[in-house]
Amino acid sequence: MTNRNPLTHPRIPAAGESALNALCGNLSIGTNGELRFAGQDVAELAARHGTPLYLMDEDRVRDNCRTYTEAFSRLFRPGSMVLYASKANCFRRMMQVVAEEGLGADVVSPGEIWTALRAGFDPARIFFHSNNKTAADVAFAMERGIGYFVVDHAYEIELIEAEAARRDLRQKVLLRITPGIDTHTYEAVNTGKVDSKFGSAIETGQAEAITALTLAQPHVELCGFHCHVGSMVFAEDVFERTVELMVGFLADVRAALGYTADMLDLGGGYGVRYTAEDPAIDIPRKLEDVAAALRLSCALRDYPEPLLLMEPGRSISADAGLTVYQVGAVKRIPGYKNYVSVDGGMSDNPRYALYGSHYTCLLAARPAAEGELICDVVGRCCESGDVIQPNVSLPADVREGELLAVCTTGAYNYSMASNYNRIPRPPIVMLHNGTDDVAVRRETLEDLIALDV
Ligand code: LLP
């Protein structure tokens, strides 16, 4: 699903309390009809912290983490791990929270490693991905005792072997394998197919070849295999089919090379609800199916059950986020279309511009008001592609100065934000138990020129 054509997408209906609550339990409507997020008045938060503003519901992040960790301890071998895919939203406070919840971290760059370490993350619980680690990246990570490298390519094995030999240590690695699965999500995140830029494909024999190469390295310890088939996945049995394919590969490797893997990492990917039209995924239920598939696939091949790892990003942070903007120009072009402009845009949320992603937009003062004006909610960037969401229905009298909230923005918004048009990035305010703490301060104009020499 999810690759709905934005041009034919039906308009989003006005959201009543039940619709809001179904979208995410941390959204509600207060006694004056106002939008509340994580139990707090959105307008009051905007008055205190300004707009545009990213809000993060810390308790929701913790609940999402626990959904995974509780299911994992029930369903998989002790020592199995949930890793937070920090690319979804990476800042110090966020990494502290997921570390406190007992998750490990999936990182893809020295910047994410640095943030995790500065948040107090145990390096042994960090897994370093990336399809193109440089020699400097490899040295940086090894210097800091990063637990595992997730190796994408034979060239990287050479880099790791050389650096580990120099340091006289044995570096633990997983190998990223491309199982050849099409998740039918949008192309930019459909990574399990044979022609992907990521990993070594089973079908072409490259997966087995890189396994043999890795096993021959004296300073590299192969711990198992990784795959990540895609993101925003809703399709029924994708992870179960992935398990079956991967365990089949593990058994083939054992037969060919005499190597038995102790870890199987299935990557991330469960989809979340951006609008009421998206299905809700019952993650514990899905994980039960994954556990059953793992047990069956291993039993069929008499393969010892490996430790299971997963790397959720979006399903940990997306529904913990809400962005608040102030409405500026409201432009009606009779006979054509209407625009409601806000004081942020693709610089803080590029996801519609990049993927045609859907969002739910609400007025903070009257989220349940009847929507009669069909409009595009657009940003302030100097580009017509700067659309937060097209075909939104808002009250006909929507006016300048009102606050507009965009729901489910906790994943891939701040982490993909830019300074396009030299627009400063919004702050992140963490909400917890009725408190609101600035976790990332608002960028200033001085910040924007701080690197200019
Ligand atoms: N593990 C690996 C190796 C990944 O590449 C990803 C996401 C994840 C885990 C986490 O997947 P999640 O649970 O968040 O679906 N910018 C895009 C999403 C890119 C995802 C890239 N990889 C977006 O805004 O939709």
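User: Which residue stands opposite I177 in β10?
Analyst: In this predicted model, I177 stands opposite S200 in β10. Strand β9 and strand β10 (residues 200-201) are parallel and share 2 bridges; two strands pair if DSSP finds at least two bridges between them. Helices (H or I, at least four residues) and strands (E, at least two) are DSSP runs, numbered from the N terminus.

User: What should I know about numbering and confidence?
Analyst: Residues are numbered from 1 along each chain as its sequence is written. The model is predicted, with local features requiring pLDDT of at least 70 and side-chain atom pairs counted only at pLDDT 80 or more, while totals for chains, interfaces and linings use all residues, and side-chain values use heavy atoms, with hydrogens and water left out.

User: Back to β9. Which other strands pair with β9?
Analyst: Strand β8 (residues 148-151) pairs with β9 in the parallel sense over 4 bridges, and Y148 stands opposite K172 there. The chain passes from β8 through helix α7 (residues 154-167) to β9 in a right-handed β-α-β crossover. Right-handed here denotes that, with the strands pointing away from the viewer, the path from the first strand over the helix to the second runs clockwise. Strand β11 (residues 220-226) is also parallel to β9, with 6 bridges, and V173 stands opposite L222 in β11.

User: Why is β9 described as largely enclosed?
Analyst: Of the 8 residues in β9 (residues 171-178), 7 are buried, so the strand is largely enclosed by the rest of the structure. Buried means under 20% relative accessible area, exposed over 50%, and partly exposed in between (1.4 Å probe, protein chains only).

User: And β6, which of its residues are buried?
Analyst: In strand β6 (residues 104-107), G104 and D106 are buried on one side and A105 and V107 on the other, which leaves both faces covered.

User: What are the strand partners of β6?
Analyst: Strand β5 (residues 81-85) runs parallel to β6 and is joined to it by 3 bridges. Y84 has A105 as its bridge partner in β6.

User: How does α5 pack on α6?
Analyst: Helix α5 and helix α6 (residues 135-143) pack at an angle of about 15 degrees, with their axes 10 Å apart. The axes are lines fitted to C-alpha atoms, for helices over the stretch in contact, and angles run from 0 to 180 degrees between N-to-C directions. The two helices are therefore roughly parallel to each other; angles under 35 degrees count as roughly parallel, over 145 as roughly antiparallel, 65 to 115 as roughly perpendicular and the rest as oblique. The crossing of α5 past α6 is left-handed. A crossing is left-handed if the near helix is turned anticlockwise from the far one by less than a right angle, and right-handed if clockwise. P110, I113 and W114 of α5 meet D137, F140 and A141 of α6, where contact means heavy atoms within 4.5 Å.

User: What about α3 and α4?
Analyst: The axes of helix α3 (residues 58-75) and α4 come within 9 Å and cross at roughly 40 degrees. That makes α3 oblique to α4. The crossing is right-handed, and its contact residues are E58, V61, R62 and C65 of α3 with R93, M94, V97, V98 and E100 of α4.

User: Changing topic: is T408 buried or exposed?
Analyst: T408 counts as buried, at 5% relative accessibility. T408 is found in the loop between β19 (403-407) and β20 (428-432). Apart from neighbours within four places in sequence, the contacts of T408 include V272, R273, Y274 and Y359.

User: And V438, where does V438 lie?
Analyst: V438 lies in strand β21 (residues 435-440) and is partly exposed, with a relative accessible area of 48%. Not counting residues up to four places away in sequence, V438 touches H49, I428 and V429.
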